[in-house]
Amino acid sequence: FGATLLLTAITGRRLGNHYVFLACCLVMAHYWVPGVGKLAIDWTSQGHVYNLLPSTYANGWLGFLEPERISAIARAIARLDSLILFFTLLLQLGAILALWRRQLLIALLCIYPLFHLAIFSLSGIFFWQWIIVEAALAVLVSRLGGTGTNVFTWRYFILSVVLIGGSSVWFKPVNLAWYDANLAYTTRFEATGQSGVRYKLSPDYFAPYQ
């Protein structure tokens with residue numbers, strides 16, 4: 001990305017279709033790798049998305065709701081558990097076919113922000129940066145005209161499958177695959193200063209696994 005933007009700034013040329021093609025491959029790799037990771041840990045039989053809401057609630061998400069309300073929502077999600085697992089894998093594993101057709105690519109780039117909003121509603125984790133990138137790419141892809149290279153051909157599709165499918169080797173996106181347990185602990189830390197005053201330490205104070 002940096003090299004392309006630098007070249008664009010120096011030469012004044014517009015972003016080419018190859019740039020959009022590679023950018024979409026990179027984005028789709030971030031969905032493909034977690035999808036494969038979920039299959040590797042048998043997520044379809046062991047993963048239960050409805051456990052996510054009580055776990056994040058225990059850590060403060062949606063704290064304004066009563067526990068009974070959270071339990072009712074979790075039970076409602078549990079009834080759709082198999083459907084949620086299926087569509088999650090469909091969206092993530094389907095990323096490898098994203099550049100087969102322009103319409104399919106635009107559809108996925110429009111659906112993924114809704115996927116992020118669903119994650120936000122359950123966990124409080126807001127992937128707003130991804131929403132911006134995907135919305136921008138949807139606009140760029142819709143504007144790919146006939147003046148540049150047509151990247152929606154069988155040759156480019158095969159190349160995209162190689163790039164996305166092999167991304168765990170050359171690009172190594174984060175493998176976001178885990179089990180949502182039905183038991184969650186919340187740990188709060190305090191520190192005592194030299195004066196004897198006790199201070200509450202925010203979760204932001206700690207890095208994961210530090």
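Modeller: Happy to! The axes of α2 and α7 come within 12 Å and cross at roughly 45° (axes are lines fitted to C-alpha atoms, for helices over the stretch in contact, and angles run from 0 to 180 degrees between N-to-C directions). That angle makes α2 oblique to α7 (under 35 degrees counts as roughly parallel, over 145 as roughly antiparallel, 65 to 115 as roughly perpendicular, and the rest as oblique). The crossing of α2 past α7 is left-handed (the near helix is turned anticlockwise from the far one by less than a right angle; clockwise would be right-handed). From α2 come Cys24, Met28 and Tyr31, and from α7 come Leu105, Leu108, Leu109, Tyr112, Phe115 and His116 (contact means heavy atoms within 4.5 Å). The residues of this contact divide into 8 nonpolar, 1 polar and no charged (Ala, Val, Leu, Ile, Met, Phe, Trp, Tyr, Cys and Pro count as nonpolar, Asp, Glu, Lys and Arg as charged, and the others, Gly among them, as polar).

Before we go on, a word on what you are looking at. This is a predicted model, in which local features need pLDDT of at least 70, side-chain atom pairs count only at pLDDT 80 or more, and totals for chains, interfaces and linings use all residues. Residues are numbered from 1 along each chain as its sequence is written, and side-chain values use heavy atoms, with hydrogens and water left out.

Now bring in α6, at residues 81–93 (helices, H or I of at least four residues, and strands, E of at least two, are DSSP runs numbered from the N terminus). Helix α2 spans residues 17–40, and its axis comes within 7 Å of that of α6, crossing at roughly 135°. α2 and α6 are therefore oblique to each other, and their crossing is left-handed. On the α2 side you will find Tyr31, Trp32, Pro34, Gly35, Val36, Lys38 and Leu39, which meet Thr88, Leu89, Gln92 and Leu93 of α6. By type, the residues of the α2 and α6 contact are 7 nonpolar, 3 polar and 1 charged.

The remaining pair joins α6 to α7, which runs over residues 102–123; these helices pack at about 135°, with their axes 11 Å apart. α6 and α7 are therefore oblique to each other, with a left-handed crossing. Thr88, Leu91 and Gln92 of α6 make this contact with Leu108, Ile111, Tyr112 and Phe115 of α7. Its residues divide into 5 nonpolar, 2 polar and no charged.

Tyr31 of α2 takes part in the contact with α7 and in the contact with α6. In α7, Leu108, Tyr112 and Phe115 meet α2 and also α6. In α6, Thr88 and Gln92 meet α2 and also α7.

Let's zoom in on Gln92, which sits in helix α6. Is Gln92 buried or exposed? Gln92 is buried, because its relative accessible area is 6% (buried means under 20%, exposed over 50%, and partly exposed in between, with a 1.4 Å probe and protein chains only). Leaving out residues up to four places away in sequence, Gln92 touches Tyr31, Trp32, Pro34, Gly35, Lys38 and Phe115.

One last stop is the loop between α2 and α3 (43–46), where you will find Asp42. Asp42 has a positive phi of about 60°, although it is not a glycine. Most residues other than glycine have a negative phi. At 36% relative accessibility, Asp42 counts as partly exposed, whereas Gln92 is buried.
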